[in-house]
Amino acid sequence: MITTGAQQAISLCAQLLLEPGVGVAVENPGYRAAGCAFGLTGATVHGVAVDSEGLDCTALAALQHCRMAYVTPSHQYPTGVVMSLARRLELLAWAERSDGWIVEDDYDGEYRYSGAPLAPLAALDRSGRVLYVGTFSKVAFPALRLGYLVLPKQLVEPFSRARALMVRHSEAGTQAVMAQFMAQGHFQRHIRRMRRAALSRRNALIAGWPVDIPGVGALPEMVAGLHVKVDVDNPERERWLVEKALDAGVELNGLGDYWLPGAVDKTAGLVLGFAAVGESGIAEALGKLRKVWRG
Ligand SMILES: Cc1ncc(COP(=O)(O)O)c(C=O)c1O
């Protein structure tokens with residue numbers, strides 16, 4: 001099903017598969033706009049921790065009446081964790097056991113810099129429990145509002161009927177242009193170009209990242225995606241660093257923005273997007289950060 005971006009795909013999943021009284025698990029920290037879309041249905045949104053292998057499936061299995069899990073396995077938003085194969089299989093087993101749905105948001109899967117990508121949950125799914133969300137927002141641009149939902153067979157009819165009542169059908173002009181772009185071979189080249197550009201920007205960030213700022217961790221390895229999370233000692237330090245950066249004209253986010261309200265055991269960090277700024281802009285921004293953070 002073609003959608004107006006990942007967000008509409010996520011909202012459709014929410015509206016059609018959730019209802020008041022059921023639970024939905026979201027990664028915590030995570031993509032808040034997904035949690036908000038699920039919350040609008042009256043379902044109970046449970047934040048589930050993310051460790052070095054992805055969503056904590058033991059915590060997920062302990063939730064009562066949980067009907068859905070929303071995950072970003074190819075590059076967790078915002079921590080950047082790639083979900084391990086073992087964890088993918090565990091999550092699929094949960095869905096099978098509990099008749100649950102998995103919403104797999106592959107928002108930036110085109111950006112992988114080293115190693116072979118792991119199979120998406122949707123490709124490992126043997127029992128029709130995974131709804132795969134894709135978008136052109138990161139590989140083209142967000143204002144295009146073009147995304148898609150790959151549905152298990154049994155959901156195609158009900159989703160199509162509901163979508164027809166909500167928006168009739170998707171706008172056709174943009175799809176026609178994108179289809180031609182693909183058919184003529186431009187899209188594959190474009191993805192490669194975008195991946196190279198993002199890689200150079202990632203490398204500029206690695207080259208210039210200030211390594212001796214008190215309370216700020218080293219850059220982790222960045223094998224995928226368009227952003228990185230850097231650990232910070234505590235939330236106070238995080239707030240100070242973000243404020244100083246904004247004062248200097250450098251936009252970055254604190255990890256605090258990504259937790260569900262009331263989350264306990266919150267860790268602190270900085271979330272840096274590196275794809276929308278050229279190498280010289282990144283070097284300049286890092287110079288400013290070095291100055292204000294040391295100051
Ligand atoms: C994890 C995640 N999912 C989905 C989206 C939204 O994508 P779209 O613009 O296709 O609605 C974003 C946007 O930043 C995102 O970070």
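**Helix pairs, ligand and sheet**

Modeller: Glu157 and Arg161 sit together in helix 6, four residues apart, or about one turn of the helix; helices (H or I, at least four residues) and strands (E, at least two) are DSSP runs, numbered from the N terminus. Bear in mind that this is a predicted model: local features need pLDDT of at least 70, side-chain atom pairs count only at pLDDT 80 or more, and totals for chains, interfaces and linings use all residues. Residues are numbered from 1 along each chain as its sequence is written, and side-chain values use heavy atoms, with hydrogens and water left out.

Biologist: What do the side chains of Glu157 and Arg161 meet in?

Modeller: Here a side-chain nitrogen of Lys or Arg has to lie within 4 Å of a carboxyl oxygen of Asp or Glu. For Glu157 and Arg161 the N to O distance is 3.1 Å. So the two side chains meet in a salt bridge.

Biologist: Is Glu284 buried or exposed?

Modeller: Glu284 lies in helix 10 (residues 279-294), as does Lys288, four residues along. Buried means under 20% relative accessible area, exposed over 50%, and partly exposed in between (1.4 Å probe, protein chains only). Glu284 has 51% relative accessibility, so Glu284 counts as exposed.

Biologist: Which parts of the chain does the salt bridge between Glu19 and Arg67 link?

Modeller: The side chains of Glu19 and Arg67 meet at 3.5 Å, N to O. The pair is 48 residues apart and links distant parts of the chain. Glu19 is in the loop between helix 1 (5-17) and strand 2 (23-28), while Arg67 is in strand 5 (residues 66-71).

Biologist: How much of the ligand's accessible area does the protein cover?

Modeller: An oxygen atom of the ligand is 2.6 Å from a polar backbone atom of Ala6, and a ligand nitrogen is 2.6 Å from an N or O atom in the side chain of Asp105. On its own the ligand has 400 Å² of accessible area (Shrake-Rupley method, 1.4 Å probe).

Technical notes
A polar contact is a pair of N or O atoms within 3.5 Å; within protein, one must be able to donate a hydrogen and the other to accept it, and residues adjacent in sequence count only if both atoms are side-chain atoms.
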